[in-house]
Amino acid sequence: MDELVETLRFRLHIESGERWRLKQARFDARPIANHTWAMRELGYSKTEIAKQVMPTENDFVKNNAQAVVWKACDAYDAYESALKKWRNSDNRDELPKPQPPSTDSWGAFPLVMNHGEGYELQVRDDNRVGYRISAQPYKEKVRGFLRGAKQDLDRVKHALDSASDLEVGRAEVVYREGVYYLHVPIRHPITIDAAEDAESVIAIDINERNITTTVLDRESRETLAQLAIDYGQVKQKRQRYYDIKRRCQEHGKHSEVHRIGNHVVNFTEWTLHRLSKVIEHYVQWFPNPVVVFESLDGIRNDIDYGSYMNRRLHKLPFQEFERQVTYKVHRHGAPVEHVDSEYNSQRCSMCGEKGSRNGGRFTCKNDTCALKQDHSDRNASVNAAVRWIAKTETGDDSHSSADNYRPRKTPPQVRVRRVGSGRHTTTSCGGVDVNRPTSSHEIASQGVLHS
Ligand SMILES: [Zn+2]
């Protein structure tokens, strides 16, 4: 039995109690985090640290000190595992060395609270989800109710019902631009199907221009669906933001930087949400699916390495995309697997010969091969799917094995949809994009091939 943790975000509507208590608590959490990191570096265990960190009655984090220690330990462990990956990496010259959490920073630290201790949620008589946050014992509590999407509130209500198998976890108070938010994790048990029983293989190729998916029938290796979704706008917007940010910082215009930053974050989140939704539809449409990602440098499996990788890759949130897809497909019981990414984009998906790429076109150099030309990302995603099948069936997923290519031609019929674009564009593949919001269901169905 696996466990799925879904973090829901709510605004705190404060009805009683003083806001400054929340602020003070966030600042009091910082020295505890610093202390934790310093001790962790010396090799102390979580429990040893928790015993050492004894806030006084007047500390605003008295009730939450242990939760803060836990969060800080998680952050430190993430750094250590990133460091280990970095040390073992073949191309570490190109990768920035992970840095430990700084122990001399004095800003606010997220206020982390265990349910039933530092905070409590409850369904009230008026059917709202009420909360109380008591950072300091015997002192005034901050009370009110949560505001958020109806389905999220329903989810919390369901979790608070003692008969449900959902559980409310360690929450965090987050402050952003004058508003307090509560991030509430909901844990629930799930069963993920065994990957080796998969009947359809959904491979995803991610690059700086688009996300391309290929769905193959495992048995026949026939193509069931293909879709390329262009999200170049995200990269452009991010690039533009970093340019503007640099200029604004030089001129001390910090509020401007903040405003644009929030816009970019929202836009990116929205795009990732739409893209991962498309994959979520796929897992429901094809029998016993497995979702296959390419692992990059063998470090992509480690979710904590993401922030370093993303910085390197122009801060495109590939890792966040993977995380969202994984979460969404696990909800439907679908497993997620990784294959080696080496040569997936250079080799022909039909004959395995090394080809050439020119922009979005892949050209096979083998005269006897029927492929000739293909959409280069489609070619890569077919390779990823076929390699996963080879890996599970023969244990050999190397690019040199002839079994690991597909002797059948599938029409290079890829629809390209542009997500988040404001322009009408016709792509080289004949797909036409849109400037009105399209449902992710509709986008997903565009890529399904009908014979
Ligand atoms: Zn070929």
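Let's start at a strand pair: Thr-363 stands opposite Gln-373 in β16. Strands here are DSSP runs of E of at least two residues, helices are runs of H or I of at least four, and both are numbered from the N terminus. This is a predicted model, in which local features need pLDDT of at least 70, side-chain atom pairs count only at pLDDT 80 or more, and totals for chains, interfaces and linings use all residues. Residues are numbered from 1 along each chain as its sequence is written.

- β15 (residues 361-363) runs antiparallel to β16, and 3 bridges join them; strands count as paired if DSSP finds at least two bridges between them.
- The open sheet has 3 strands in the order β14-β15-β16, with β14 (356-358) and β16 (373-375) at the edges.

**The nonpolar cores**
- A nonpolar core is a set of buried Ala, Val, Leu, Ile, Met, Phe, Trp, Tyr and Cys residues joined through C-beta atoms within 7 Å; buried means that 20 or more other C-beta atoms, placed from the backbone, lie within 10 Å of a residue's own.
- In the largest core, of 42 residues, Val-201, Ile-202, Val-291, Val-292 and Ala-385 touch the most other members.
- Elements giving two or more residues to this core include β9 (200-206), β12 (289-295) and α9 (376-394), and α9 has the largest share, 7 residues.
- A second, separate core of 40 residues includes Tyr-76, Ala-135, Val-142 and Tyr-180.

**Helix α1**
- α1 (residues 19-41) has 23 residues and reaches 34 Å from first C-alpha to last, close to the expected 33 Å, which is 1.5 Å times one less than its number of residues.
- Among its buried residues are Leu-22, Asp-28 and Trp-37.
- Gly-43, which follows α1, has a positive phi near 95°.

Terms used: Buried ≥ 20, exposed ≤ 12 C-beta atoms within 10 Å, placed from the backbone.
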